[in-house]
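Reader: Hey, could you walk me through this one? I'd like to hear about rings and cores.

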Amino acid sequence: MKNRIGIVGGGQLGRMMAFEAHKMGFRLIVLDPTPRSPAGQVADEQIVANYSDQKALQELATKSDVITYEIELENSDIFDGLVKTGSIIHPSIKTFKLINDKYLQKEFFQKAKIPVADFMAVENKEDILKATKKFGYPILLKTRLFAYDGRGNALIKKASDIEKQMNSLQGKGLYVEKYIPFIKELAVMVARNTKGEIATYQVVETIHKNNILHVVKAPAAINSQISLKARNLAKNVMQHLKGAGVFGIEMFLTKSRKVLVNEIAPRVHNSGHYTIEACVTNQFAQHIRAISGLPLGKTDMLVGAAVMINILGERAGSAEVSGIEKALGLPQTYVHIYGKKDTKMERKMGHITAVDKSLEKAYKKAKLARKLISI
Ligand SMILES: Nc1ncnc2c1ncn2[C@@H]1O[C@H](COP(=O)(O)OP(=O)(O)OP(=O)(O)O)[C@@H](O)[C@H]1O
Ligand SMILES: [Mg+2]
C-alpha cells in the first residue's frame with residue numbers, strides 16, 4: 001500500500017487528520033511555515049516553509065504518495081507546479097481553485113442550479129448601490145479570496161455604511177450577497193473516495209457569532225423532510241464537483257423551509273469535529289480513506305446527540321490552558337487542545353465535544369465544560 005500522505009497546512013485540521021492517518025499505518029509529512037505547527041507536532045515530519053515555496057512543495061511531493069491540503073490561500077496557483085510534475089492531489093486542484101474564489105463558487109452553484117443567495121460582482125461604490133437597489137438592505141459585502149472565519153465579510157445596513165465597509169475589507173476583489181434572514185444554519189459533511197463512492201453525514205446545526213463558528217449541534221433539531229432535503233442537496237453539490245476527499249457544505253434554512261447553500265469547504269470542517277466521538281467513522285479518518293483509494297466508512301452516529309463548542313482565544317499573547325481536569329470530570333465530555341503556542345482574539349485554540357442521549361443534555365455539559373476552561 002502506498003502509505004505516505006503530504007499535507008499542505010499544519011493547523012488543527014491537519015493535526016486531527018494525522019492522528020487518524022497514523023491509526024491506519026500512514027506516514028504524514030506536513031508543510032507549514034510555523035515550526036512545530038499543530039499538525040507538525042504529531043506528524044512524522046514537518047517541512048518548515050511557506051505554502052508558496054515551490055522547492056518545498058516539490059520536496060513534499062517526493063516524500064508523499066498523495067497530497068492533500070487544509071488551508072485557504074490568497075493565491076491558488078501555488079499547486080500548478082505540483083500538477084505539472086504529476087503529483088496526485090486530492091481534492092483536485094480544479095475544484096480547489098473553484099472553491100477558493102467565493103465568487104467563482106457562487107457562479108458554479110448558479111450554473112448547477114443549486115439554490116444560493118442572490119449575489120453580484122462589484123467593483124466600486126456605484127455597483128454596491130446598484131446591488132442594494134436590486135436586493136434591498138441589508139447586504140453582505142464579501143471578499144472573493146482568502147476569507148475564512150468571517151474575516152472577509154462586512155454587513156451593509158444602509159447607504160452610509162458602504163464606504164466604511166469597503167475600507168474594512170481593503171477593497172480586495174469583492175462581491176455582494178443578499179442577506180438571508182435564516183432561521184437556522186445547517187451543515188452537511190460529505191465524502192467521496194477516488195472510486196466515486198459518496199457518503200453524507202447527519203445534518204448538523206451550526207451557530208455563529210461575529211461570523212465565526214461557536215457551536216455545533218448534532219443532529220440538527222429539524223424534521224426528517226428538511227434533513228433529507230439538506231443531505232440530498234449536499235449529494236447534488238458533490239455530483240457537480242470533481243475530486244476526492246471530505247467536503248463541508250454550509251447551508252441556510254429559511255422561514256419558508258427552503259435550504260440554500262452558503263458555501264463549500266473542500267476539506268474536513270469545524271462542523272464535523274463532533275464526528276470524532278459521535279460517529280462510526282470520523283471525518284478525519286474518512287478523509288484519509290477517501291484520498292487513498294480505500295472504501296468509505298459508515299457515517300452513522302453512535303450516540304443520541306453531540307454538541308461541540310469551540311475554544312476561541314479571548315486575548316492576544318502566549319497560550320496557557322487551565323481547567324481541563326475539571327472539564328474532563330464531566331461524563332462523556334472531551335477536550336481537544338490544538339497545541340498553538342500563541343493565542344489571539346477569536347483564534348481557534350481547541351474545542352469541546354459532549355455527547356449524551358439528547359441535545360439538551362449534551363449542550364448543558366458542553367457549556368459547563370467551556371466555562372471551566374480558560375486559555
Ligand atoms: N448571505 C448571507 N446571509 C446571512 N448571513 C450570512 C450570509 N453569508 C454569510 N452569513 C453569515 O456569516 C457567516 C460566515 O460567512 P461565510 O461562511 O461566507 O464566511 P467564512 O469566512 O467562509 O466563514 P467560515 O470560515 O467560518 O466558514 C455564515 O456562517 C453566516 O452566519
Ligand atoms: Mg463559512
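Predicted model: local features only at pLDDT ≥ 70, side-chain atom pairs only at ≥ 80, totals over all residues.

Reader: OK, how many aromatic pairs does a search of the whole structure find?

Author: It finds 7. Rings of Phe, Tyr and Trp (its six-membered ring) pair if their centres lie within 6.5 Å; planes under 30 degrees apart are stacked, over 60 edge-to-face, and the rest tilted.

Reader: Why is the pair of Y69 and F96 called edge-to-face?

Author: Their planes are at 65°, with the ring centres 4.7 Å apart, so the pair is edge-to-face. The pair joins distant parts of the chain, 27 residues apart: Y69 is in strand β4 (residues 66-69) and F96 in helix α4 (residues 93-100). Helices (H or I, at least four residues) and strands (E, at least two) are DSSP runs, numbered from the N terminus.

Reader: What about F79 and F96?

Author: Those two are also an edge-to-face pair, at 5.4 Å centre to centre and 70° between the planes. Y69, F79 and F96 make up one aromatic cluster.

Reader: Is F79 buried or exposed?

Author: F79 counts as buried because its relative accessibility is 0%. Buried means under 20% relative accessible area, exposed over 50%, and partly exposed in between (1.4 Å probe, protein chains only). F96 is buried too, at 1%.

Reader: Switching topic: how many residues are in the largest nonpolar core?

Author: It has 38 residues, and I5, L28, Y274 and M301 have the most contacts inside it. A nonpolar core is a set of buried Ala, Val, Leu, Ile, Met, Phe, Trp, Tyr and Cys residues joined through side-chain atoms within 4.5 Å.

Reader: Which element gives the largest share of this core?

Author: That's α1, with 5 residues. At least three residues come from each of domain 1 (4-89) and domain 3 (184-372); the domain bounds come from an automatic or database domain assignment.

Reader: And what is I5 in contact with, beyond its neighbours within four places in sequence?

Author: Its partners include F26, L28, V66 and I288. Contact means heavy atoms within 4.5 Å.

Reader: Which residues does the second core include?

Author: That separate core of 29 residues includes Y103, F108, A112 and L253.

Terms used
Residues numbered from 1 in each chain as written. Chains lettered and ligands numbered in written order. Heavy atoms only, no water.
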